[in-house]
Amino acid sequence: MPAVRRISVCATILASVGVLASGPTAWADFVPGGKGSGSETQVTGGQEGQKLTSTAGAIVFDRSKNGSGNAAGPVTSTTTWTPPACYYAPKYSPDQLKKYLTPIWEAGSTGYEWDAEQRKHYEDGEPYKDFNKDKAGKGYWWDSFVTEGREGDPGALDCDEQIFWVDQGDPPPADIPQAITPEMLAQLAYAEIRVPSTRVDLAPDGTTKVNLPTWAWLDAADFQPVSVTASVPLLNIQATTTAEPVSLTIDPGTADAQTYPASGECALTNGKIGEPYAKGKADQNPPCGVKYLRSSGNGSYQLKATVTWKIHWTGTGTNGQQALPDGTFGADQNVIVQEIQAVNR
């Protein structure tokens, strides 16, 4: 890994607060409240710890339409795909880059030869002259960012290019695949999606009987589409990633059970998953549920309910919805099954 990248990873956290906080108005407008640095996560608004709007690197996340509450959680991709662990985005103006790099060179901790090469690269015209100060306001220095929560991921080390300049309105170099795009914004927003808990309503609730169909359903009010919008104001690009519930899968927690339907997958129908039990339906099989064939003895079965969410995105330069891998989120709940063969209904 080039030395400049190692310095960027380790030193940015320490140095960038002073560097970027003193930047021009464009950066102050971009960071909520005009304080802090683009490499930090700044938060404005919020409710009981739920971030509504924040920045991570050069990216602004709007979570105002996301799932909330202590039981909400992230979806897990149904494939091996994961959002990118690192990316490149605008980070410094010419003055900001000078304020960031000069103290590192003057400290001498990186070695005379490396410092000299860096001075040639950014100051002496090989290829940049005086940090591109003559282009101030006409572009930005781009650097790498590590996606929050992925600091220990090997993929976070893939972004090892030196800090590079991009003129305003120009695309980043084609040989840098991790340069931020609307599609990457959508993928990063995917990681920010939070969906409600999948604890299902059961009838009978908590304790049921052997060979008695147990009805299962989800409160439709809790299972509405959620979305997160990610944007880079400096580039005027954005993407909104939306997750919509499509089905509920029930795992009874034992092979001695029968699910309804037989696949165990209950589809979203008319805006709801499953159907609440109502008086007079005792002799009917539920559209979504389970029938236990054996008692749980002195313990209980761990019924797992998992909701599958179809995920897509729209954004700058796209035509219609673009697919992302489906995601799932599940929760366990205890079900006690008693050995009573005949039930008075």
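Modeller: A salt bridge here is a side-chain nitrogen of Lys or Arg within 4 Å of a carboxyl oxygen of Asp or Glu. It's a predicted model, where local features need pLDDT of at least 70, side-chain atom pairs count only at pLDDT 80 or more, and totals for chains, interfaces and linings use all residues. Side-chain values use heavy atoms, without hydrogens and water, and residues are numbered from 1 along each chain as its sequence is written.

Biologist: What makes K135 and D167 a tie between parts of the chain?

Modeller: K135 sits in the loop between α4 and β6, D167 in strand β7 (residues 164-167), and these parts are 32 residues apart in sequence. Helices (H or I, at least four residues) and strands (E, at least two) are DSSP runs, numbered from the N terminus.

Biologist: Why does K135 count as partly exposed?

Modeller: Buried means under 20% relative accessible area, exposed over 50%, partly exposed in between (1.4 Å probe, protein chains only). K135 has 28%, so partly exposed it is. D167, at 26%, is partly exposed too.

Biologist: And D143 with K91, how do you know whether they're buried or exposed?

Modeller: D143 has 1% and K91 has 2%, so with the cut-off at 20% both are buried. Their side chains meet in a salt bridge at 3.8 Å, N to O.
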